[in-house]
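Keep the viewer open and follow the selections below in order. Each stop says what to select and what is there.

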Amino acid sequence: MTVTDDRATAEDQVRARVADLLAAHDPARTTATEFLGARFDAGLAWVWFPEGLGGLGLRQELQGVVERELRLAGAPNEAERNVIGYGMGAPTVLTHGTDAQRRRYLRPLFTCEEIWCQLFSEPGSGSDVAGLATRAVRDGDEWVVTGQKVWTTLAHTARFGMLLARTDPDVPKHRGMTYFVVDMHAPGVEVRPLRQMTGDAEFNEVFFTDVRIPDSERLDEVGAGWRVATTTLMNERVAIGGGVPSRSSGPIHEALEIYRATPGRSEVERDRLMQVWVAAEVQRLTNMRARELRRAGTPGPEGSVAKLAGAELNQRVYELCVDLMGMEGTLYPSHYEMRRPERAGFGNEDARHSFLRSRANSIEGGTSEIMRNILGERVLGLPGEPRADKDLPWSQVPRS
Ligand SMILES: Cc1cc2nc3c(=O)[nH]c(=O)nc-3n(C[C@H](O)[C@H](O)[C@H](O)COP(=O)(O)OP(=O)(O)OC[C@H]3O[C@@H](n4cnc5c(N)ncnc54)[C@H](O)[C@@H]3O)c2cc1C
């Protein structure tokens with residue numbers, strides 16, 4: 001059945017497809033992997049992707065219909081285990097991969113048989129990721145990679161990494177990078193945990209020592225790494241800040257629950273709660289509007305604005321939560337044991353844990369200062385900041 005994009009018809013047909021999927025694969029009697037595979041094959045993984053690649057070529061907003069219906073039916077959803085794969089890996093492979101790469105990677109990514117991570121940041125290159133130093137040198141049909149990455153979320157569960165590496169040091173930094181899909185189980189890849197202030201080690205250092213990557217696992221042209229990375233980064237910002245939860249759900253729901261748990265709250269507490277509730281609702285509606293305007297392709301600067309606003313909102317909500325908890329808010333809900341989580345970010349955690357985790361929101365996926373630079377330059381049209389090294393060959397740029 002080919003699905004048309006007439007709005008009402010498309011929605012009915014999406015509902016019919018979901019019903020067919022559920023009838024053929026009862027969630028109560030099907031494994032998560034099997035169910036997700038069938039969902040991908042039915043074009044219900046990402047409805048705005050092309051047919052045959054997990055989608056139906058429809059508007060992205062119709063994805064909400066799929067998610068809602070499947071949630072109500074109790075269908076398995078493993079997205080939290082593969083946040084980077086879903087949010088960034090899939091759109092990057094779709095936009096820049098060959099047909100063979102799309103067919104190889106997208107389905108097992110969606111079923112979570114293969115988890116993905118993002119290998120961009122280095123000890124000397126975070127905000128200035130284009131200054132990175134990990135080298136990839138061509139050797140016949142392979143590339144040999146040496147260097148170090150850092151803050152690599154879920155590298156410990158990942159099968160594949162999105163690797164940005166320097167392939168030509170003698171041209172300006174943005175032009176000398178190439179983008180690869182690297183097998184995290186390949187010889188020479190070493191993953192070491194980094195513990196955050198929550199006690200968890202969601203992220204890692206990753207060391208590459210003479211790691212061989214077949215040229216067939218390069219995404220897009222040699223030297224086009226920055227273009228590919230931009231697709232990843234723009235999608236990352238939407239994945240982090242662009243969600244459209246239902247009204248009063250998520251962090252703001254936690255704040256409401258904590259507020260209600262103690263009778264006789266003061267006017268000041270109620271006022272603070274209402275202020276963040278309104279901010280959460282404005283963020284939700286703004287993201288909804290942005291999602292409806294975005295049909296397909298790489299998101300624009302609205303993703304960076306959403307990421308900035310979402311980070312500040314999350315921090316405000318969890319500050320309020322611990323304040324509303326009073327003295328309880330100063331206690332930690334665990335013995336601070338080291339954990340290696342299988343998912344990153346938030347979800348059903350104690351608000352005190354989330355309060356600490358939310359501090360990272362204004363750093364991960366690009367800091368709030370960098371988001372403000374993008375907002376200033378690309379939305380408000382303000383002059384760009386001076387970039388003295390922009391036209392210098394990377395090898396001539398002084399670095400520590
Ligand atoms: C929880 C978490 C998960 C992460 N996961 C990943 C991951 O999976 N993969 C990955 O590759 N990276 C990951 N990161 C790394 C993240 O992208 C970087 O930390 C971030 O881009 C900032 O880089 P940096 O830490 O090197 O700080 P720096 O770039 O050194 O910045 C230091 C300070 O200077 C400010 N600053 C820097 N440049 C400018 C400028 N031009 N204008 C104004 N202010 C500026 C910054 O805002 C910041 O306050 C993660 C980080 C966190 C916290």
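Select Thr232: its relative accessibility is 0%, so Thr232 counts as buried (buried means under 20% relative accessible area, exposed over 50%, partly exposed in between, with a 1.4 Å probe and protein chains only). This is a predicted model, in which local features need pLDDT of at least 70, side-chain atom pairs count only at pLDDT 80 or more, and totals for chains, interfaces and linings use all residues. Residues are numbered from 1 along each chain as its sequence is written, and side-chain values use heavy atoms, with hydrogens and water left out.

Now show what surrounds Thr232. Leaving aside residues up to four places away in sequence, Thr232 touches Met88, Thr92, Gln118, Phe120, Met162 and Tyr179 (contact means heavy atoms within 4.5 Å).

Next, select residues 225–241, helix H6, where Thr232 lies. Helices are DSSP runs of H or I, at least four residues, numbered from the N terminus. Of the 17 residues in H6, 12 are buried, among them Gly225, Leu233, Glu236, Arg237 and Gly241.

Finally, select helix H7 (residues 251–261) and helix H9 (residues 302–324), whose axes come within 9 Å and cross at roughly 15 degrees. Axes are lines fitted to C-alpha atoms over the stretch in contact, and angles run from 0 to 180 degrees between N-to-C directions. H7 is therefore roughly parallel to H9 (angles under 35 degrees). At this contact, Pro251, Ile252, Glu254, Ala255, Ile258 and Tyr259 in H7 meet Asn314, Val317, Tyr318, Leu320, Cys321 and Leu324 in H9.

Technical notes: Helices (H or I, at least four residues) and strands (E, at least two) are DSSP runs, numbered from the N terminus. The expected span of a helix is 1.5 Å times one less than its number of residues. Angles under 35 degrees count as roughly parallel, over 145 as roughly antiparallel, 65 to 115 as roughly perpendicular and the rest as oblique.
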